[in-house]
Amino acid sequence: MKVLVTAGPTREFLDPVRFLSNRSTGRMGFAVAECARCRGHETVLISGPVSLDFPEGVRAVRVVSALDMLEAVRSELSCGCDAVVMTAAVADWRPEVRAERKLKKEESPPVLKMVRNPDILVETAGLRRGCVCVGFAAETDHVMESAVRKLEKKELDMIVANDVTRPGAGFEVDTNIVTFITASGEEQLPLMTKAAVAGRILDFIERRRRERFGC
Ligand code: CTP
């Protein structure tokens, strides 16, 4: 099986030295890629800028912005994939204009006009047909309602909801507290390592493939 994983944050530059980004470290996605590789799956890991080493045996694709990530995901999906796990914390907006030179502090502070980035899962829905698709929902409030909405809107087989405000979950930690949500129900998992969550995600994907294709 070929598994495509996205990870990390994206960076949206306003000038050659400054960018807007988020707290994602890439750990969850790297754990999924490592687990997929250990189970013998061909694994491609598309990651925004992170300080982690790519797991051995995984094909690494490094990107910077959301637009770069969209292009990389499109290109991988066009070559065919069996499963997609989108853990990346893709920036939802980017500055409308990226200055060509460094903005100087003597000038008035920049007033940023932001524009929407494309939603990678929505944009690639057509290319993902036939793949088992898992997304993540990083939430601070109305966790389950938001996650269920994303499951449907983004046409996923499963969404992994996590409340990033809980200690031991979300950003910059090796553990997570997640709920798996599918069209047929939800399963709340206890606090576990990101490696263990990755294993459960791979279990789901492998089971869904067997149900769908008998392999
Ligand atoms: N995602 C994506 N493209 C984006 C933003 C998010 O493909 N531009 C993916 C993420 O990788 C994740 C899922 O969509 O698998 C949900 O991401 P999340 O940040 O929780 O939700 P958003 O759709 O960005 O909505 P909001 O930020 O308003 O909660």
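In this predicted model, helix 1 and helix 5 cross in a right-handed sense. Two packed helices are described by the angle between their axes and the distance between the axes. Here helix 1, residues 27–38, packs against helix 5, residues 194–213, at an angle of about 55°, and the two axes are 8 Å apart. Angles from 65 to 115 degrees would count as roughly perpendicular and those under 35 as roughly parallel; helix 1 and helix 5 are therefore oblique to each other.

On the helix 1 side, the contact is made by Arg27, Met28, Ala31, Val32, Cys35 and Ala36. They meet Lys194, Ala195, Val197, Ala198, Gly199, Ile201 and Leu202 in helix 5. Sorted by class, this contact comprises ten nonpolar residues, one polar residue and two charged residues.

The ligand is surrounded by 14 residues, and the closest are Met86, Ala88, Phe136, Lys150 and Lys154. Lysine 154 places a polar side-chain atom 2.6 Å from an oxygen atom of the ligand. Backbone atoms also take part: a polar one of isoleucine 120 is 2.9 Å from a ligand nitrogen atom, and a polar one of alanine 138 is 3.2 Å from a ligand oxygen atom.

Technical notes: Residues are numbered from 1 along each chain as its sequence is written. This is a predicted model: local features need pLDDT of at least 70, side-chain atom pairs count only at pLDDT 80 or more; totals for chains, interfaces and linings use all residues. Side-chain values use heavy atoms; hydrogens and water are left out. Axes are lines fitted to C-alpha atoms, for helices over the stretch in contact, and angles run from 0 to 180 degrees between N-to-C directions. Helices (H or I, at least four residues) and strands (E, at least two) are DSSP runs, numbered from the N terminus. Angles under 35 degrees count as roughly parallel, over 145 as roughly antiparallel, 65 to 115 as roughly perpendicular and the rest as oblique. A crossing is left-handed if the near helix is turned anticlockwise from the far one by less than a right angle, and right-handed if clockwise. Contact means heavy atoms within 4.5 Å. Ala, Val, Leu, Ile, Met, Phe, Trp, Tyr, Cys and Pro count as nonpolar, Asp, Glu, Lys and Arg as charged, and the others, Gly among them, as polar. A residue is near a molecule or strand if one of its heavy atoms lies within 4 Å of it. A polar contact is a pair of N or O atoms within 3.5 Å; within protein, one must be able to donate a hydrogen and the other to accept it, and residues adjacent in sequence count only if both atoms are side-chain atoms.
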